[in-house]
Amino acid sequence: MKLTIKSLSLSNFKGVKQLNLMLDSTEVRLHGANGSGKTTVADAHSFALTGNDSTGAKANTITLDADNNKVYGANEVIEVLDVDGTEISLGRKVITKLGKSKGEEVEKTTYEYTINGAPYTLLLSASKVIVFA
């Protein structure tokens, strides 16, 4: 199987407000100073495919503002792949909102997934992953 990353789009993902990478080369190298976002790009790729970061840990998608406060809303990654000549778009979105429950402030998090722009539901069991379109 031949898999090629064609593009990677980040929106409010781990401190990156907006980034669209069009990868039309056979080789891509990321260069930059410490803290410039190289690992964030790798984490976005892993998150799109697995929901985990590039180390295999559950991805922390939270974006912080200049004062280190959480930015509530949607954190999203969309990755377009070419798999043996077939283009596939995978999207993962984490939506975190601040609300109230029994008079207390609470965070409510929901997850949305897309394949080729169409929503799907992901159910996990100990032995398999089931995708419902």
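Accessible areas here come from the Shrake-Rupley method with a 1.4 Å probe. On that basis the protein exposes about 9,100 Å², and carbon and sulfur atoms supply 52% of this area. The model is predicted. It describes a protein of 133 residues, of which 26% count as buried.

**Fold and dimensions**
- One helix and seven strands make up the elements of the protein.
- Read from the N terminus, their order is β-β-α-β-β-β-β-β.
- Along the principal axes, the C-alpha atoms fill a box of roughly 55 × 40 × 25 Å.
- Taking contacts between residues at least 6 apart in sequence, 43% join residues at least 24 apart.

**Nonpolar core**
- The largest nonpolar core has eleven residues: Leu8, Leu10, Phe13, Val16, Val41, Ala44, Phe47, Ala48, Ala59, Val77 and Val94.
- Strand S1 (3-13) and helix H1 (38-50) are the elements that give two or more residues to this core.
- H1 provides the largest share of the core, with four residues.

**Surroundings of Leu8**
- Leu8 is one of the core residues, and Leu8 touches Val41, Ala44 and Val77, among others.
- Further contacts of Leu8 include Leu19, Asn20, Leu21, His45, Ile78 and Glu79.
- These contacts leave out residues up to four places away in sequence.

**Charge**
- The protein carries 15 positive and 15 negative side chains.
- The centres of the two sets lie 5 Å apart.

Conventions: Residues are numbered from 1 along each chain as its sequence is written. This is a predicted model: local features need pLDDT of at least 70, side-chain atom pairs count only at pLDDT 80 or more; totals for chains, interfaces and linings use all residues. Side-chain values use heavy atoms; hydrogens and water are left out. A nonpolar core is a set of buried Ala, Val, Leu, Ile, Met, Phe, Trp, Tyr and Cys residues joined through side-chain atoms within 4.5 Å. Buried means under 20% relative accessible area, exposed over 50%, partly exposed in between (1.4 Å probe, protein chains only). Contact means heavy atoms within 4.5 Å. Lys and Arg count as positive and Asp and Glu as negative; His and the chain ends are not counted. The place of a charge is taken as NZ of Lys, CZ of Arg, CG of Asp or CD of Glu.
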